[in-house]
Amino acid sequence: MFSLPIGESVAIELHYTYSSTMVALSLLMGILGSFTALCCNARMNANSFISKRIWLFLSSLAMGLAIWGLHFIGIGAIVFPVALTQNFTLTALSFIPAFTASFLAFYFVNQPRKSKKLYVISAILMGAGISMMHYVGMFALIFENVSHYYDPLWFTISIAIAIIVSYVALLIFSNNKVYSTRAF
């Protein structure tokens with residue numbers, strides 16, 4: 001998704017490899033975090049002495065951490081041929097869009113009256129939050145003697161994919177009556 005900035009005519013393609021262990025850890029983080037978030041969300045709709053707001057917060061926190069952790073463990077799996085550092089403040093701040101998007105999506109999807117419009121709004125918020133987390137996180141990466149630029153077309157396509165996948169995930173989760181009515 002990198003392109004040359006306006007006026008530049010020379011680019012060097014960086015070749016990189018992945019650590020299989022880190023990729024597996026990233027997938028495990030995503031799976032376990034998502035499962036935890038969905039279990040917390042299911043408990044929100046069950047009779048419990050814990051407030052629905054607390055379950056909403058916990059499910060959003062778990063999903064936000066799953067999204068964020070999966071992303072940054074995945075970034076850590078890449079072995080670049082140049083020195084790489086991170087702006088830790090931006091990296092930490094990139095969690096906020098993931099958490100906020102998760103909170104809003106869970107909030108809207110748990111409304112008693114569901115509509116297609118509600119799912120679309122939730123998917124847009126979730127996809128936008130995931131994308132914002134990703135691009136803020138990528139901006140936090142500092143490469144030695146290398147700049148990265150984004151092609152506007154691919155940038156837009158990546159956000160659209162995040163929204164579409166969020167929509168499908170929300171529909172699957174909400175329409176799975178066996179899962180959504182059972183608290184783990």
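Visitor: What makes Tyr16, Tyr18, Val23, Leu25, Leu27, Leu28, Ile31 and Leu32 a nonpolar patch on the surface?

Guide: In this predicted model, these eight names share about 770 Å² of accessible area together. A patch residue must have over 30% relative accessible area and no salt bridge, and nonpolar side chains are joined within 5 Å. The group is therefore called a patch.

Visitor: Which helix gives the most to the nonpolar patch?

Guide: H1, with six residues.

Visitor: Why is Tyr18 called partly exposed?

Guide: The relative accessible area of Tyr18 is 48%. Buried means under 20%, and exposed means over 50%. The value of 48% lies in between, so Tyr18 is partly exposed. Tyr18 lies in strand E1, residues 17–18.

Visitor: Now the inside. Which residues touch the most other members of the largest nonpolar core?

Guide: Met63, Ile67, Met126 and Leu170, out of 20 residues in that core. Helices H1, H2, H4, H5 and H6 each supply at least two of its residues. The largest share, six residues, comes from H2.

Visitor: Why would nonpolar side chains gather like this?

Guide: In soluble globular proteins, they tend to be buried together.

Visitor: Which residues does Met126 touch, leaving out those up to four places away in sequence?

Guide: Met63, Ile67, Ala101, Ser102, Ala105 and Ser166. Contact means heavy atoms within 4.5 Å, so each of these pairs with Met126 meets that cut-off.

Visitor: How much of the chain is buried?

Guide: Buried residues make up 32% of the 184 residues. The chain exposes about 11,400 Å², and carbon and sulfur atoms supply 71% of that area.

Visitor: What is the order of the elements from the N terminus on?

Guide: They run β-α-α-β-β-α-α-α-β-α-α. That comprises seven helices and four strands. Among contacts with a separation of 6 or more, 82% join residues 24 or more positions apart.

Visitor: How confident is the predictor in the chain?

Guide: The mean pLDDT is 84, and 88% of the residues reach 70 or more. Among the elements, helix H3 (residues 88–93) has the highest mean, 93. Helix H7 (residues 177–180) has the lowest, 47.

Visitor: Where does pLDDT stay under 50?

Guide: Over residues 177–184. The model has 14 contacts beyond four places in sequence for that stretch.

Note on methods. Residues are numbered from 1 along each chain as its sequence is written. This is a predicted model: local features need pLDDT of at least 70, side-chain atom pairs count only at pLDDT 80 or more; totals for chains, interfaces and linings use all residues. Side-chain values use heavy atoms; hydrogens and water are left out. A nonpolar core is a set of buried Ala, Val, Leu, Ile, Met, Phe, Trp, Tyr and Cys residues joined through side-chain atoms within 4.5 Å. Buried means under 20% relative accessible area, exposed over 50%, partly exposed in between (1.4 Å probe, protein chains only). Patches are made of residues with over 30% relative accessible area and no salt bridge: like charges are joined within 9 Å, nonpolar side chains (Val, Leu, Ile, Met, Phe, Trp, Tyr) within 5 Å. Accessible areas come from the Shrake-Rupley method with a 1.4 Å probe; for residues, only the protein chains shown count as cover. A salt bridge is a side-chain nitrogen of Lys or Arg within 4 Å of a carboxyl oxygen of Asp or Glu. pLDDT is the predictor's confidence in each residue, from 0 to 100.
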